[in-house]
Amino acid sequence: MNDDFNSDHPLERFMSGSEEELLRAWEELIAAPTSRPEELRADGAEAPGVPCHCPEAGEWISIVCGQSAEEERDGMLAHAAACPVCAARLRQGMQLFSIETTTQEEAAMSSLQAASPSWQRQMAVELAHTPRRTARRWLVGFALWGGAVVTATLIVAVALSFWWQQRNSPERMLAGVYSRCRCYDLRMSGASFSEVNPAAHLRGGPSDQDTAVLMAARTRIEDRLKRSPNNAHWLQLEARADLLQEKLDPAIAILDGLLATGPPSSSLLSDDAAAYFQRGLITGSESDRANALDKLRRADEITPGDTVVLFNEAIVQEDRGQRMNAVETWNRFLRFERDPSWQAEGRRRLQAIERKLQPAGK
Amino acid sequence: MEASRASTNDLAQACARSADAAEWAELLRRCTPLVSLVTIRVARMWSNEASPALVDDTVQEVFLKLCAQERRVLRAFQPRGEDSFLGLVRLVAASVANDHFRRLYSVKRGGKVVTDSLREGTLPALPEENWEPHRMQQSVMLAQLDAKMRKAPEWVCERDRIIFWLYYRQGFTAEEIAAIPTTGLTAKGVESALRRVTQWVRAEIERRRPGDRPGLPLK
């Protein structure tokens, strides 16, 4: 009985349909494609028998507006290919932008308030007063941004120019020459550390060791002095250049002149002391070296924490035989100095004096 | 600028910065019918019960959207052909109206719209009242045809399969299929795809018929 029932069941029979039946169904489909499905029900509810998980109307509108993701869109089109209700919705969505109107649509449009000239006039006034970006505001914005950019560029340019001038000022150039080739024990203001190189002593005349930088610095200094021959700053730099080339007499002449005419500064006194000390060492003049110590004491009084002055003062004190004073000055120097290389040299010199101060045999 | 003589594109660009009500009135006169029509059609897709007042509100919302963020839409508009602004307005209207009704019906349903994953694996079953033997048989046969196509993606790609069923099952014309955004085919291209699929399916069925000489599927 069951067999009979099964064999008569239409679904069973159809499912085991032969290729002949398939061909027949195929030809029927090709010959007469399915007529367009019934219109959607007016309330938008699903048609009978349609699965409840069909996409809502809005999804089809998003597809028509090109607002769906590609993957989602392909899935929905595949669904519409199999679902008559969704296919109808897709078709309905595609007609959203059609220019042709039905009489029903025309009637609906004419019943709207929006169709009346009064509504449009009122709406026009309202829309005309909505916030807008005016040309003036745009110009103000442009001017503000432009001004900011120009100002920033100027600041950067000025800063770069200042940095360049500082880096290439004759003062820095002379300090650089000293650092590359430290030809005497005393320090020069602004110069970084280097070991003393006695072979670099120039003994007062031009030599191969006159670096291009030193010559360039001299040229610039002289150029400035042509314009303002009495400028104390440029005169002091000229004296430093002389000192580096061990042209000690002209250096002392300039520095003494500056100290005589203007207020004494720690820097001037220190440079003058260095010139006197070097000349004293070369000529063996006790007077020059004593003079150097006197000038360094005065400089120390003006700027008690100046490590260049303290360094030079300690060396001259030791030279003058004032070892206890030198020890005290080196200790003060080590308290103030932050550069580890200069500190190391100061410590080394201090230890050397301390060894000399120890009683013989210990 | 004489508003009545200006093109719609020029008028729209003027309105991007204008506080002149006359220019706006002219733009509204030209755009309101289009916005209303699209809004009515969107409303109908959502519900046939959308009242004129609801449609009016939506039309107003569309115009306010054009003016949002200091009239961003108008400022960003770049003409791409004669009256291309009307094309933009159509899209904005459909999008704003769609969002408006989605919000409205979401609230009516009591919350967020939840869209289930689509069932796209098989052709849908026939409604129960249509379970007459012939239609049922046809439905089963079509499901078998679909299965054949799915099993041979090297001969029938997914796009062509969708085109085939939209045409033969859902009654779309080649022009309608070509008009679906991102199909990427002209009507002739759609017809060519249909021809390819039908030739392949026919060859496939005939190849499997008992007693027939097996033949190569056509591409």
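# Exercises on a predicted two-chain model

Of the 362 residues in chain A of this predicted model, 32% count as buried.

## Exercise 1. Chain A

Task: State how many helices and strands chain A has, and what share of its contacts join residues at least 24 apart.

Solution. Begin with the secondary structure: chain A contains 18 helices and zero strands. Next, take the contacts in chain A between residues at least 6 apart in sequence; 52% of these join residues at least 24 apart.

## Exercise 2. A loop residue

Task: Determine whether A:Thr303 is buried, partly exposed or exposed, and identify its contacts beyond four places in sequence.

Solution. First locate the residue: A:Thr303 lies in the loop between α15 (286-302) and α16 (307-319) of chain A. Then consider its surroundings. A residue is buried if 20 or more other C-beta atoms lie within 10 Å, and exposed if 12 or fewer do. A:Thr303 has 16 C-beta neighbours inside 10 Å and therefore counts as partly exposed. Finally, leaving aside neighbours within four places in sequence, A:Thr303 is in contact with A:Ser266 and A:Val309.

## Exercise 3. The buried side of α8(A)

Task: Explain why the buried residues of α8(A) lie on the same side of the helix, and name helices of chain B that cover them.

Solution. The buried residues in α8(A) are A:Gln120, A:Met123, A:Ala124 and A:Leu127. They lie on the same side of α8(A) because they cover an arc of only 110 degrees around the axis. Their cover includes α2 (21-46) and α3 (52-76) of chain B. As for length, α8(A) has 12 residues and reaches 16 Å from its first C-alpha to its last, close to the 16 Å expected.

## Exercise 4. Nonpolar cores

Task: Identify the members of the largest nonpolar core that touch the most other members.

Solution. This core has 83 residues, and the members in question are A:Ile61, A:Ala80, B:Val42, B:Ala97 and B:Leu166. Its largest share, 13 residues, comes from α2(B). A second, separate core of 45 residues includes A:Val177, A:Leu248, A:Ala292 and A:Trp330.

## Exercise 5. Confidence in chain B

Task: Find stretches of chain B where pLDDT is under 50.

Solution. The mean pLDDT of chain B is 82, and 82% of its residues reach 70 or more. Over residues 112-121 of chain B, however, pLDDT stays under 50. Residues 213-219 of chain B are likewise below 50. Where pLDDT is low, the predicted coordinates should not be read in detail.

Notes:
Residues are numbered from 1 along each chain as its sequence is written. Chains are lettered from A and ligands numbered from 1 in the order in which they are written. This is a predicted model: local features need pLDDT of at least 70, side-chain atom pairs count only at pLDDT 80 or more; totals for chains, interfaces and linings use all residues. pLDDT is the predictor's confidence in each residue, from 0 to 100. Two residues are in contact if their C-beta atoms, placed from the backbone, lie within 7 Å. Helices (H or I, at least four residues) and strands (E, at least two) are DSSP runs, numbered from the N terminus. The expected span of a helix is 1.5 Å times one less than its number of residues. The arc is that of the directions from the helix axis to the C-beta atoms. A nonpolar core is a set of buried Ala, Val, Leu, Ile, Met, Phe, Trp, Tyr and Cys residues joined through C-beta atoms within 7 Å.
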